[in-house]
Amino acid sequence: MTLENNIKDVINTKLEDGTIERLIGEQLEKGVVNALENMFRSYGDVTKVIEDKVKSVMIPYLETYDYSEYITKLDSVLVDVLKSSALDNKKLLQNFKTLMTVDEEKKSIKATELFNTWMKYVAKNVKTDELEIDYDDGVSYENAEVSFAVEYNESKSWSTFEYAVLTFECEHDEDMNFEISLSRWNKDSDKGWDMRYDKNHDLKSLRHLNDFEVLLMKLSQNNKKIILDSDYESDEVQPEAEPEASFS
């Protein structure tokens, strides 16, 4: 017997004994989730051939089946699945929206301005495991020391380009650290530096990027210039997290 006839017989049997009625609710959620996952991967040639063959046999039979009495139930399941999936991908969608928003008003950003934005990110995300608790004025974690510095690379005397590295560093939590590559054409020395932030730019990675990474990617792709208004700054950041008081 051919593959088509085997599949046809199985489908007819399951439609007649009511199995499809029981399985359709169970399989719908799996089908939607798998479809979402498959959006981010490509099929191999063999899998595609098999898929097309199965579809050519199954679809005509399934299209003629009367699902009207199950529409209400299926609608409810589908809505629940989509809501759940949307929550899982909320971060991805937020990051994608941020990257696609173009800021045409400002062509450049000062290093000190970017440093202040990064400090807000540190205040929100810095680890507090090993920070002391300060009881002098209420209850709070001690400040975390932060700094930024610019390191200029030596260029050949005949080179038409200059290179530098801008570093943001948190002494307490190295996960907060960032390194940004800078370059400029000598004749454009009065127009600021071009920036490059090296990061995986595929769609799946957007789910895992933090707010400051997304900002750097956005600045880079929008060709924003960085004005080095200072070569070094240091400061202290007050963590937003609040410790539990213990006076023992």
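This is a predicted model: local features need pLDDT of at least 70, side-chain atom pairs count only at pLDDT 80 or more; totals for chains, interfaces and linings use all residues.
Student: What makes up the protein chain in terms of helices and strands?
Tutor: The protein chain has seven helices and nine strands. Of its 248 residues, 29% count as buried.

Student: Why is the pair of Phe115 and Trp118 called stacked?
Tutor: A pair of aromatic rings is described by the distance of the centres and the angle of the planes. Two rings pair if their centres lie within 6.5 Å, and planes under 30 degrees apart count as stacked. The centres of Phe115 and Trp118 are 5.8 Å apart and their planes stand at 25 degrees, so this pair is stacked. By the rule for ring pairs, the count comes to eleven aromatic pairs.

Student: Where do Phe115 and Trp118 lie?
Tutor: Both belong to helix α6, residues 111-125, and they are three residues apart, about one turn of the helix. An α-helix has 3.6 residues a turn, so residues three or four places apart point the same way.

Student: How do you know whether Phe115 and Trp118 are buried or exposed?
Tutor: The term buried requires under 20% relative accessible area. Phe115 has 4% and is therefore buried. Trp118 has 0%, so Trp118 is buried as well.

Student: What makes the pair of Trp118 and Phe168 stacked?
Tutor: The ring centres of Trp118 and Phe168 are 5.3 Å apart and the planes are at 20 degrees, so this pair is also stacked. Trp118 lies in helix α6 and Phe168 in strand β5, residues 161-170, so the pair ties together parts that are 50 residues apart in sequence. Phe168 has 0% relative accessibility and therefore counts as buried.

Student: Which residues do ring pairs link into a cluster with Trp118?
Tutor: The cluster links Phe115, Trp118, Tyr121, Phe148, Phe168, Phe178 and Phe212 through ring pairs.

Student: Which residues is Trp118 in contact with, leaving aside its neighbours within four places in sequence?
Tutor: With those neighbours left aside, Trp118 is in contact with Val146, Ser147, Phe168, Glu169, Cys170, Met176, Phe178 and Phe212.

Student: Which residues touch the most other members of the largest nonpolar core?
Tutor: That core has 34 residues, and those touching the most other members are Leu114, Trp118, Val122, Leu166, Phe168, Leu182 and Ile226. Two or more residues come from each of α6, β4 (144-152), β5, β6 (178-185), β7 (193-196) and α7 (211-221). Helix α6 supplies the largest share, eight residues. In soluble globular proteins, nonpolar side chains tend to be buried together.

Student: How do you know that β4 and β5 pair, and in which sense?
Tutor: Two strands pair if at least two bridges are found between them. β4 and β5 have seven bridges, in the antiparallel sense. One of the bridge partners is Ala164 in β5, which stands across from Tyr152.

Student: What can be said of β5 and β6, and of β6 and β7?
Tutor: β5 and β6 pair over eight bridges, again in the antiparallel sense. In β6, Ile180 is the bridge partner of Leu166, and Arg184 is that of Glu162. Three bridges join β6 to β7, and these strands run antiparallel. Ser181 stands opposite Arg196 in β7.

Student: Why is Thr128 called buried?
Tutor: The cut-off for buried is under 20%. Thr128 has a relative accessible area of 15%, so the term applies. Thr128 is placed in the loop between α6 and β2, residues 133-134. Apart from its neighbours within four places in sequence, Thr128 is in contact with Tyr141, His172, Pro239 and Ala241.

Student: Which residues of α7 are buried, and what is found at the start of α7?
Tutor: In α7, Phe212, Glu213, Val214, Leu216, Met217, Lys218 and Leu219 are buried. At the start of α7, a side-chain oxygen of Asn210 comes to within 3.1 Å of the backbone nitrogen of Phe212. A polar contact requires N or O atoms within 3.5 Å, and the distance from Asn210 to Phe212 meets that limit. Just after α7, Asn223 has a positive phi of about 60 degrees.

Conventions: Residues are numbered from 1 along each chain as its sequence is written. Side-chain values use heavy atoms; hydrogens and water are left out. Rings of Phe, Tyr and Trp (its six-membered ring) pair if their centres lie within 6.5 Å; planes under 30 degrees apart count as stacked, over 60 as edge-to-face and the rest as tilted. Helices (H or I, at least four residues) and strands (E, at least two) are DSSP runs, numbered from the N terminus. Buried means under 20% relative accessible area, exposed over 50%, partly exposed in between (1.4 Å probe, protein chains only). A nonpolar core is a set of buried Ala, Val, Leu, Ile, Met, Phe, Trp, Tyr and Cys residues joined through side-chain atoms within 4.5 Å. Contact means heavy atoms within 4.5 Å. A polar contact is a pair of N or O atoms within 3.5 Å; within protein, one must be able to donate a hydrogen and the other to accept it, and residues adjacent in sequence count only if both atoms are side-chain atoms.
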